[in-house]
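User: Could you walk me through a few residues in this model? Please start with the terms you rely on.

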Amino acid sequence: MVLDFVVAHVALLYELGLVLVGLFFLIFLGGILISRFDKIPLEEAIYCAFSTAFKAGFGNLTPNSRGGKIIAILIAFLGIVLMGVFVAIAVKSLETAMR
């Protein structure tokens with residue numbers, strides 16, 4: 001029983017891990033693009049991208065160029081998908097644990 005639980009979670013986490021890595025890569029790439037469009041330091045642009053994706057959006061860094069704003073909107077949509085994946089993992093784990 002415990003082994004089945006572990007095997008099911010490892011398989012699920014492997015599949016969802018690939019999705020999570022892909023989403024994190026796209027957010028990181030969005031940060032690079034914001035850095036290029038707005039000509040701001042890379043670490044600030046990546047910070048802006050991840051704070052936008054995780055819905056923190058502190059407002060201390062915002063894209064100013066049209067391209068940067070478009071990328072920020074796309075990153076926000078990626079953040080919605082990312083949160084959905086986190087919720088799906090939690091629900092699947094609870095569902096498996098309740099059996």
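Analyst: Buried means under 20% relative accessible area, exposed over 50%, and partly exposed in between, with a 1.4 Å probe and protein chains only. This is a predicted model, in which local features need pLDDT of at least 70 and side-chain atom pairs count only at pLDDT 80 or more, while totals for chains, interfaces and linings use all residues. Residues are numbered from 1 along each chain as its sequence is written, and side-chain values use heavy atoms, leaving out hydrogens and water.

User: How many aromatic pairs are there?

Analyst: The structure holds 4 aromatic pairs, where rings of Phe, Tyr and Trp (its six-membered ring) pair if their centres lie within 6.5 Å, and planes under 30 degrees apart count as stacked, over 60 as edge-to-face and the rest as tilted. One of them is the tilted pair of Phe24 and Phe54, at 6.0 Å centre to centre with 45° between the planes. This pair links distant parts of the chain, 30 residues apart, with Phe24 in helix H1 and Phe54 in the loop between H2 and helix H3 (66–98); helices are DSSP runs (H or I, at least four residues), numbered from the N terminus.

User: Why does Phe24 count as partly exposed?

Analyst: Because its relative accessibility is 31%.

User: Switching to Ser51, is that buried or exposed?

Analyst: Ser51 is buried, since its relative accessible area is 10%. Ser51 lies in helix H2 (residues 42–53), and its side chain reaches the backbone oxygen of Cys48 at 3.1 Å.

Definitions and conventions: Helix = DSSP H or I, 4+ residues; strand = E, 2+ residues; numbered from the N terminus. Polar contact = N/O pair within 3.5 Å; in protein donor to acceptor, adjacent residues only side chain to side chain.
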